[in-house]
Amino acid sequence: NDLTGRGIAPERVWMEDRATNTEENIRFSLDIIEEKTGTRPAEIGLVSSEYHLYRALYIAEKLGIEACGVASDYHIYAGQSMRDLREVLARAKDFVTTIVKPEPTYLGDFIDIHGDGDITND
């Protein structure tokens with residue numbers, strides 16, 4: 001909504017919705033960009049909640065991608081302490097995942113990305 005509100009055509013905005021974790025989300029998003037442009041990007045921007053952004057930036061670095069991050073939080077959410085605890089566990093898991101590099105789990109239907117990005121809008 002923010003991008004389309006700033007004049008980006010909805011068909012140019014693609015939502016990656018097949019990943020089951022942050023590492024897969026970044027990898028699948030890189031695949032979409034490469035398919036659309038013909039080039040794998042060396043740099044990306046990541047937008048996420050502040051507490052999650054540190055881990056996403058770490059994963060991007062381990063995938064060999066330079067990334068800058070923007071926190072999307074504008075307020076503190078109820079139950080933040082539980083999310084913080086989950087994040088500690090997720091960081092440990094992703095530390096191991098970036099070393100082991102398991103095959104990704106593909107969920108959802110195949111989407112032809114040569115078409116209109118508007119089909120991925122929720």
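**A friendly note on this predicted model**

1. Let us start with one residue. Arg18 sits in the loop that links helix H1 (2-5) to H2. Helices here are DSSP runs of H or I with at least four residues, strands are E runs of at least two, and both are numbered from the N terminus. Because its relative accessibility is 23%, Arg18 counts as partly exposed. Buried means under 20% relative accessible area, exposed means over 50%, and partly exposed lies in between (1.4 Å probe, protein chains only). Along the chain, Arg18 and Pro104 are 86 residues apart, and 9.9 Å separates their C-alpha atoms.

2. A word on what you are looking at. This is a predicted model, in which local features need pLDDT of at least 70 and side-chain atom pairs count only at pLDDT 80 or more, while totals for chains, interfaces and linings use all residues. Residues are numbered from 1 along each chain as its sequence is written, and side-chain values use heavy atoms, with hydrogens and water left out.

3. Now the whole chain. The protein chain has four helices and two strands, and from the N terminus on the order is α-α-β-α-β-α. Of its 122 residues, 25% are buried.

4. How do H2 and H3 pack? Helix H2 (residues 22-37) meets helix H3 (residues 50-62) at an angle of about 55 degrees, and their axes are 10 Å apart. The axes are lines fitted to C-alpha atoms, for helices over the stretch in contact, and angles run from 0 to 180 degrees between N-to-C directions. H2 and H3 are therefore oblique to each other. Angles under 35 degrees count as roughly parallel, over 145 as roughly antiparallel, 65 to 115 as roughly perpendicular, and the rest as oblique.

5. Which residues make this contact? H2 brings Thr22, Glu23 and Ile26, and H3 brings His52, Arg55, Ala56, Ile59 and Ala60. Contact means heavy atoms within 4.5 Å. Sorted by class, the contact of H2 with H3 has four nonpolar, two polar and two charged residues. Here Ala, Val, Leu, Ile, Met, Phe, Trp, Tyr, Cys and Pro count as nonpolar, Asp, Glu, Lys and Arg as charged, and the others, Gly among them, as polar.

6. Finally, look at His52, which lies in helix H3. Is His52 buried or exposed? His52 counts as buried because its relative accessibility is 16%. Setting aside neighbours within four places in sequence, His52 is in contact with Thr22 and Glu87.
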